[in-house]
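Subject: Handover of a structure

Dear colleague,

Please find the structure below, followed by an account of what was found in it.

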Amino acid sequence: MAELPTDPKANSNLLIFEVGNSHVSVATSLAGTIRTNDRFSLDQMDEVIEHAQQCWEALPSDRLKATAAASVVPQALARLRERYEACFSDPFNVVGEDLHRPMSLAVEAPEKVGIDRVCSAAAAYAGVGAACAVASFGTAITIDCVNEEGVFLGGAILPGLSLQARALHEGTAALPDVTVEATGAVFGTTTQEAICNGILYGVAGALREIVERYATHLGRWPILIATGGNAEMIGKECDFIDRIVPDLCVRGIALAYRKHFSPVPDAW
C-alpha cells in the first residue's frame, strides 16, 4: 500500500470539474476515491455552479478542501472559471496550467495533447500498473497507448459515432441522420440499420486494429480500458476490452492534483 503523502494538500478532499466537448462533469473525491459524479450540458453553467456549491458544502472538513479542473474547450473553461470565481474563494486549479500533467509524454508537442487524454491515460496506468491502451468514446474517439514505464506514447483520433453519422447525412443527398445504436443484426436490412452497423462495427474493427499495432510495438497485448459516453455500447461489440471505467478522466484529474503535491500515486 502506498504511503500517505507528506504534504496535506495532496490528501485534500476534492471538487472536480471535467469540461468536455459536450458536457461538464462535477465530481467529488474523498481520500482519493471518487464518490459522486454528475454530468451537465455546456449550456447549464448556472446549474453546474449551483451543484458544485452543494458538493463543496458536503465535502467533509476532516481534510483540506480544494478544486481541480481540466478542459479541452477553452471557451467553456473560461465561462466556468468566471462563474466559479464569483462564488468560491478557493483557487480554481487547472491541470496543465496550475497543476502539472500527471505523467510523462513521449510526443513532439506535449502541451498540444488533449488534457483529457493525458488524465485518462494516467488514471489507467495508475490503476493497472502495466502497459495499457485507453479508448475514449465521446464526441471524438481517442485510442492512446502507455508503455510499461508509464510513459504516454501517443495514439490515434477518430470521429465519434455521432460525428460519423452526421457526416454521412450532411455529405450525401439521401442518407438520413440517425442515432447510432446496436442493431443486434449481422446485416442491416434498412438504411438506418446499415448506417448503425457500418459505424459501430467499423469502430470495433478500428479499435482492434489500432491496439494490435500497439501490441506489436510493445511486444505484448496492452490492457485495454474503455471510457466515455459510448463505451458501454462499444464494449458489447468488443470482447477484447478488459475494463470499462466511465469516470476515468475524473480519476485522472484527481490523480493530477495529488501528484502535483506528492510523487506517490494512489491505485484504484
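This is a predicted model, in which local features need pLDDT of at least 70 and side-chain atom pairs count only at pLDDT 80 or more, while totals for chains, interfaces and linings use all residues. Residues are numbered from 1 along each chain as its sequence is written, and side-chain values use heavy atoms, with hydrogens and water left out.

Helices

The crossing of α4 and α5 is right-handed (right-handed means that the near helix is turned clockwise from the far one by less than a right angle, left-handed that it is turned anticlockwise). Helices here are DSSP runs of H or I with at least four residues, numbered from the N terminus. Helix α4 covers residues 161-170 and helix α5 residues 191-218; their axes come within 10 Å and cross at roughly 135°. Axes are lines fitted to C-alpha atoms over the stretch in contact, and angles run from 0 to 180 degrees between N-to-C directions. The two helices, α4 and α5, are therefore oblique to each other (under 35 degrees counts as roughly parallel, over 145 as roughly antiparallel, 65 to 115 as roughly perpendicular and the rest as oblique). From α4, L161, Q164, A165 and L168 meet I195, I199 and V203 of α5, where contact means heavy atoms within 4.5 Å. By class, this contact has six nonpolar residues, one polar and no charged (Ala, Val, Leu, Ile, Met, Phe, Trp, Tyr, Cys and Pro count as nonpolar, Asp, Glu, Lys and Arg as charged, and the others, Gly among them, as polar).

Helix α1 (residues 45-58) packs against helix α2 (residues 74-87) at about 45°, with the axes 10 Å apart. This pair is therefore oblique, and α1 passes α2 in a right-handed crossing. The residues in contact include M45 and I49 of α1 and L80 and Y84 of α2. Seven nonpolar, one polar and three charged residues make up the contact of α1 with α2.

Helix α3 (residues 115-128) and helix α7 (residues 248-261) have axes 7 Å apart, at an angle of about 85°. That makes α3 roughly perpendicular to α7. Among the residues in contact are C119 and A123 of α3 and R251 and L255 of α7.

Domains

The assignment, which is automatic or from a database, gives domain 1 (8-103 + 250-261) and domain 2 (118-247). Their centres, taken over C-alpha atoms, are 26 Å apart. Contact involves 13 residues of domain 1 and 13 residues of domain 2. About 1,000 Å² is buried between the domains, with carbon and sulfur atoms giving 71%; buried area is the accessible area (1.4 Å probe) that two parts lose on being put together, summed over both. In domain 1, M103, R251 and L255 lose the most area to domain 2, together 51% of what that side buries.

Yours sincerely
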